[in-house]
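Reader: I have a model open and want to learn how to read it. Where do we start?

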Amino acid sequence: MRRRLDRGDPSTFPEWFNTRKPRANLIVARWVPLALVGLPVLVLFCIVVYPTVWMFYHALHDTNMMRLFQSNWSFVGLENFQTVLSSERFGDSIVHLGIYLTFGAVLQVLLGAMLALILYELVKNNFLRVVLLIAMVLPMMLPPSIVGVLWKFLLTPSNGAVNQALLNLGLIDQHIEWFNAGMSLWAIIIADVWNWTALPLLIVYSGRVSLPPAVYEAARVDGAGAWTTLRRITLPMLKEVIAIAFIVRFMDAFKFVDLVFIMTSGGPAQSSELPAYIAFQRGIREFAIGEAAAYAIVIFIASAVLITLFLKYLKKVLKAQGFA
């Protein structure tokens, strides 16, 4: 026989509970949980699911801006993808992306991790540490448009502040042409490193703060020095945190458009174009919606595959070292 639940003495319940409708099973109205769940799902569908399905649909059609508004397009299958993958322009942009990832994203993570550890380990005054942390984070708070204009001005070949500083220090004999075909991509990388090094710095600094002090107490008791502690304790325990910082910057690299557009517009002679910028050019400025959608899908698939492989490799390394 099913036991009845002991509901307690009704006199101990709040007044609003005793005066509620006897047939109501919920304390709140039935529409409240539906609204709390339904509204986020609706917003997610509108800004994620529908645009993704729309993009995949038009990647298989010869859609351009005029046909888009007239609903007049034809099915072309994988023709847009064939155009993207056989494009020499796209191949050059992949090379540029590899350079950016190697000397931009990787440098940001390494520099951010180094600054975070220096800030935590060497700066003992808490007020000074907070002030320095805020100062290092400030570049990240600036809009990319402002950063692009600022560094375009600083890197001006004739009278830019960077060239003047290098000349005064005796590091160069003549002005560097930062925006010619050989240097334009490096100018973008310099601006991006200045702008976004603060993000891995914050991630690694937060990870270092969360490490248990007892581990370091035990290391000091065992006579471990600063270098040994850093190499044997801090860095192994921060591997996952540093990997997360790299993945965040890695994903941002695949949608890197703003600084390229403001500083060089992909030139000169397409020498600083990245894949996402070509998709932007083809879709927004040249009105080839179908081809731009194909570019976006190829970029998405490539980034997803690379990140998955990196995570599997990281898990394998951590498991081999006893961290996972």
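Author: Start with one span. Residues 97-120 are 100% helix and 0% strand, and their end C-alpha atoms lie 33 Å apart. Helices here are DSSP runs (H or I, at least four residues), and strands are E runs of at least two, numbered from the N terminus. This is a predicted model: local features need pLDDT of at least 70, side-chain atom pairs count only at pLDDT 80 or more, and totals for chains, interfaces and linings use all residues. Residues are numbered from 1 along each chain as its sequence is written, and side-chain values use heavy atoms, with hydrogens and water left out.

Reader: Where does UniProt place the feature "transmembrane region"?

Author: UniProt positions follow the numbering used here, feature names are shortened, and annotations may be inferred rather than shown by experiment. The unreviewed entry lists residues 31-57, 97-120, 127-151, 185-205, 241-263 and 292-311. Over residues 241-263, the chain is 83% helix and 0% strand.

Reader: At what angle do the axes of helix 5 and helix 6 cross?

Author: Axes are lines fitted to C-alpha atoms, for helices over the stretch in contact, and angles run from 0 to 180 degrees between N-to-C directions. Helix 5 (residues 88-122) and helix 6 (residues 126-141) cross at roughly 165 degrees, with axes coming within 10 Å. The two helices are therefore roughly antiparallel (angles over 145 degrees).

Reader: Which residues in helix 5 and helix 6 meet?

Author: Contact means heavy atoms within 4.5 Å. Leu115, Leu119 and Tyr120 in helix 5 meet Arg129, Leu132, Leu133 and Met136 in helix 6.

Key. Parallel < 35°, antiparallel > 145°, perpendicular 65-115°, else oblique.
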